[in-house]
Amino acid sequence: MDLKAVNEILSQFPEERGNLIGILHEVQNYFSYLPEAELRYISKKIDIPITQIYSVANFYNRFSLAPKGNNQICVCMGTACHVKGSEKIMNELQEKLQIQKGETTEDLLFSLDEVRCIGACGLAPAVVVNEDTHGLVKPKMVGKILSKYKP
Amino acid sequence: MAKMVNLIINGKKIKATAGSTVLEAAQKEGIYIPTLCHHNALDPEGTCRLCIAEFSGSIRDSVRISCIQEVKEGLIVETETKRINKSRRLILELFLGRAPEATAVINLAAKYGVTKSRFMTGESNDCILCGRCVRVCRDKIGVHALCFINRGPARKITTDFERLSEYCIGCGACAHVCPTGAIKVEDKGDQRKIFTWEQVTARFTLERCEHCHKPFAPKRYLELINKKAYNPKGLELVDYICPECFKKHDRVSDKRREGALRKAVNKWSVPR
């Protein structure tokens, strides 16, 4: 358990119950997921029952309870992207990475998720990797995009 | 004296205590409003939506749920109109689609003429997500062993990290308040098991009664009673006596029994 990091995160927030989501955001950013031991520690520290934290962590898509890959790929499945064939892009990604959507590759390099509209309908179909948005993606381009993020 | 307000439910003039809900006021007057999530001992949460009624008079004409709506001077409530019963039948149909084997749901649906559901999921889960168990565990027992997780169709009730709960004290209050019997408590010998439809939430070894030597309650439950009920009065629970033995000793006036009672009570509540 990385106590030092958790304590540092907790010290940024005043000890109020309302800060739970903020704390979870920071923990998610640091670990790229919400580890159980850390959540239990936070529960004791800020005096919120672990069941309530677990409830919140499960409710929001932003939080993940399983480790995520270093590179998070989000395929937009909004209406415009769907019409422009985001399904094909998703299938191509699933085949290339050998995982299903919502899963993470074994080497923890990539995780694949579908998202609803990201507001880039002019670029449909769009794929977001980490902070970069790739627009007008064709199934052929998938390999090239992935190779950018491979070490 | 508490302030009273006047309102009309189904054409009947009613006086109700200010701050109470319309459902409570109706129940007091013997007016039936169906509900699955309301429990007299718990704060209302308005999850089952069956207690809907048409409101007018001192508030905007609207359909609201009566278990959360507070009584108000000049309120007019209609609980069994055509519009309400239509919505109610739909809600019951949805419940029936989810829990086609739960007796409470089947009976209530039959009362409103719903025997079939268009929303069968192909699965059967007695839990209707009313949240009574979560509320009793959180608000009354105060151990926070149960919670809701996920959203939408995936929403369900479980323990933290969906494993055997280390916070559960095995009191069985969740099973007691469950309207459909989705959470069950099973005592076999001196073992207690609490389980929901898919998951065992807790297992306990029951402590034996000092008198009849029958297993009756988990240790952590008795410890909580000790902490919540006895310790604030400066008392300490020393020996475990089951409720039956306690009552038995209480009723019989035989002197010897009385002696045993006093002893038992003294044992039960020895000042610290």
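**Note on a predicted two-chain model**

1. B:Ile31 counts as partly exposed, because 18 C-beta neighbours lie inside 10 Å. A buried residue would need 20 or more. Bear in mind that this is a predicted model.

2. Where does B:Ile31 sit in chain B? Its place is the loop between helix 1 (22-28) and strand 3 (52-57) of chain B. Leaving aside residues up to four places away in sequence, B:Ile31 touches B:Ile9, B:Asn10, B:Ala26 and B:Thr79. Take B:Ile9 from that list. B:Ile31 and B:Ile9 are 22 residues apart in sequence. In space, the two are 8.2 Å apart, C-alpha to C-alpha.

3. Now chain B as a whole. It has eight helices and 13 strands. Chain B holds 272 residues, and 33% of them count as buried. How many of its contacts between residues at least 6 apart in sequence join residues at least 24 apart? The share is 53%.

4. Next, chain A. It is divided into domain 1, residues 3-59, and domain 2, residues 71-149. The C-alpha centres of domain 1 and domain 2 of chain A lie 30 Å apart.

5. One helix pair of chain A deserves a look. Helix 6 spans residues 86-97 of chain A, and helix 7 spans residues 142-149. Their axes come within 10 Å and cross at roughly 50 degrees. That angle is why helix 6 of chain A counts as oblique to helix 7 of chain A. The crossing of helix 6 past helix 7 in chain A is right-handed.

6. Which residues make this helix contact? Helix 6 of chain A supplies A:Ile89, A:Glu92, A:Leu93 and A:Lys96. Helix 7 of chain A supplies A:Val142, A:Gly143 and A:Leu146. By type, the contact of helix 6 with helix 7 in chain A has four nonpolar residues, one polar and two charged.

7. Last, the meeting of the chains. Nine residues of chain A are in contact with ten residues of chain B. Which element gives the largest share of the chain A side? Helix 4 of chain A, residues 50-59, does, with seven residues. The side of chain A that touches chain B divides into four nonpolar residues, four polar and one charged.

Definitions and conventions: Residues numbered from 1 in each chain as written. Chains lettered and ligands numbered in written order. Predicted model: local features only at pLDDT ≥ 70, side-chain atom pairs only at ≥ 80, totals over all residues. Axes fitted to C-alpha atoms, helices over the stretch in contact; angles between N-to-C directions. Helix = DSSP H or I, 4+ residues; strand = E, 2+ residues; numbered from the N terminus. Parallel < 35°, antiparallel > 145°, perpendicular 65-115°, else oblique. Left-handed = near helix turned anticlockwise from the far one by under 90°. Contact = placed C-beta atoms within 7 Å. Nonpolar A, V, L, I, M, F, W, Y, C, P; charged D, E, K, R; others polar. Buried ≥ 20, exposed ≤ 12 C-beta atoms within 10 Å, placed from the backbone. Domains from an automatic or database assignment.
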